[in-house]
Amino acid sequence: MAPRDCKRVRRELLAECSGSKSSLAGILKKLHDESFLDTDMGGGSVRMLRKNLQVASEFYSKASTMYGTLVQTIDLGTPSLSKWEYVHPAAYLRLLSEISPGFSAMMAETVASIGHRPLKLVLYMDECTPGNPLRADKARSVQSIYWCFADWPQWALQKSSVWLLLGCMRSSLQAELPEGASTLLHAVLRMFFPSCSAIGNQNRSDFRHGIFLKNGTTGSDTYVTAAFAGMIGDLKAHCEVWCCKTAGASKPCMSCKNVVTVDFLNRRLSSEYLVDLKCGDMRRFDATTDDEVYAITDRLINAGIDNDTKRKELEQRLGFKTAPHGLLADHAVREIVRPIKHFLRDWMHMLVSHGVAGTEMALVIAALRQKGTTYEDLQRYAIGFRMPKALGKISKTWFSKGMVNKDSLKTFAGEQLSMLPVLMAYMTDIASKFEDLADHTRCLQLLTDIVGICALGPHDAMQHLNLMQAKCEQHHALFVIVYKGKGVKPKLHHLLHLVEDARDVGCMMSCFAMERKHRVVKKASLFAFRNFEHTITADLVNKQVQ
Ligand SMILES: [Zn+2]
């Protein structure tokens, strides 16, 4: 029998436990008192056990590597964030390569498969709110930052436990930063590429210069270099990071100079140059360059307009906010940040999370209802399907009145993925008798094909990009005709850029894995009241390492 290691067992129990440390200490004490445990788990009292569990949870965050301690602090310039704790990226990779043979082998294989180019670093940033989703407590909202290499194998990119944690910060603290998420991402990039800032030019943990990971197979080190390949997130996160006015502004797309909203276009009827969101002809789009974005950033900062109204007018016209402390304002990071190329859209947010698929399914259901189809008809038809086990069961409430709005659905992204083929089958099976819905069916078929290609996975979808681009453009044109301009939202336009973004980063990214990872963050935050960032960072690192 292997020798008992109480410390290891405590760490493993913490990783498994979804309750608080106090409740776990109470359970252990009770089991011990009732003689169910023949070993003392470290302490005669609940208080002592609780203390030992706290020490166990911090074991990995205090681990020492050749790149320093795993969890380090950074001064972000505000009193509450003068010592923000984050997981040092180079130290984390080093530690994982030392303690996990599987991780070290995956890194060695990835580096060998890409030749001499650097790995593509992708950052993800989003907010989640712990607690009851129906009674969200905004005051406890947390901004989480995860990262990965786009070159990792497909299974790793789709697994939430493989995406690496960089840090968590209460949204209320992030709001104290001069430019919020943009200032935070600026600091995060300096953690990966410290030689881009004034701090330590010869920093040995700079991913551009390379870091050394342990290779468990050969016993030697694997040399890893990486370059920033982009940030992924929903459009709100992109707006905050790039300080652009994408969503809801007169210029809804940072990548296209001449794409404006319908309202804006109506005020400039004579313009040949401007197009609105209904335009799906990509040849008419005038692409913004990275240099133009930087020129606009500098222009807004240098304009020094004190008058709020005048400044907002200029910002509205240029499509960006004045952000002297934002990511793009720092000339030193401009050598690694390409705002247009690094604005990565993901198919989950474009299609099934308040996206095009939700809008289109709601419009199709409305069209069916005009033909006399009831919600009950759709529900009866839907529950006749048996989905593959991985997709879960069909719920008839998906097609109920309460879940379908005028041009959107209230269902979750995963549910919409299952609803789409069911509704498509209904259109071909039952609704084919309505001749004037033939174009609705064709349009929905194109959308189903697009979602089908994306769902193949980050790397498997790549071989169908030409087909997908063609389908996106056909779908866009048909959607505008069929629904006569109804439901035309910025995401319909952004969908046209999805293939371009996938080519840039080398895989078809989605945010499903990271959204699942939020559940772990929410669980960890539920019982953290003091030293919030410190507690949940230590807990999350312990869970991930286990
Ligand atoms: Zn665009």
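**Close-up 1. Cavities in the predicted model.** Four cavities of 30 Å³ or more are counted in this predicted model. A cavity here is a set of points, on a 1 Å grid over the protein atoms alone, where a 1.4 Å probe fits but cannot get out. Grid points are joined across faces, edges and corners, and a volume is the space filled by probe spheres set on the points. Residues are numbered from 1 along each chain as its sequence is written. Because the model is predicted, local features need pLDDT of at least 70 and side-chain atom pairs count only at pLDDT 80 or more, while totals for chains, interfaces and linings use all residues; side-chain values use heavy atoms, with hydrogens and water left out.

**Close-up 2. The largest cavity and its lining.** Here you can look into about 60 Å³ of space. Its lining residues (an atom within 4 Å of a point) include W242, C243, T297, L300, F320 and K321. Also in the lining are A323, G326, L327, L328 and A329. Eight of the lining residues are nonpolar, two polar and one charged, where Ala, Val, Leu, Ile, Met, Phe, Trp, Tyr, Cys and Pro count as nonpolar, Asp, Glu, Lys and Arg as charged, and the others, Gly among them, as polar.

**Close-up 3. The second largest cavity.** This one holds about 50 Å³. Around it sit L344, R345, L498, D501, A502, V505, C507, M508 and M509. Helix 20 (residues 498-505) gives the largest share of this lining, with four residues; helices (H or I, at least four residues) and strands (E, at least two) are DSSP runs numbered from the N terminus. By class, the lining has seven nonpolar, no polar and two charged residues.

Close-up 4. In helix 12 (residues 308-318), L314, E315 and L318 are buried, meaning under 20% relative accessible area (1.4 Å probe, protein chains only). They lie on the same side of helix 12 because they cover an arc of only 100 degrees around the axis, taken from the directions from the helix axis to the C-beta atoms. Turned away from that buried side are T309, E313 and R317, which are exposed, that is, over 50%. Helix 11 (290-303) is among the elements covering the buried residues, with contact meaning heavy atoms within 4.5 Å. After helix 12 comes G319, with a positive phi near 80 degrees.

Close-up 5. Five strands run in the order 7-6-5-10-13, two strands being paired if DSSP finds at least two bridges between them. Strand 7 (164-170) and strand 13 (343-344) are the edges, each pairing on one side only. Strand 10 (residues 226-232) pairs with strand 13 in the parallel sense over two bridges, and I232 has L344 of strand 13 as its bridge partner.

Technical notes:
On a 1 Å grid over the protein atoms alone, a cavity is a set of points where a 1.4 Å probe fits but cannot get out, and a pocket is an open set with protein on both sides within 12 Å along at least five of seven lines; lining residues have an atom within 4 Å of a point.
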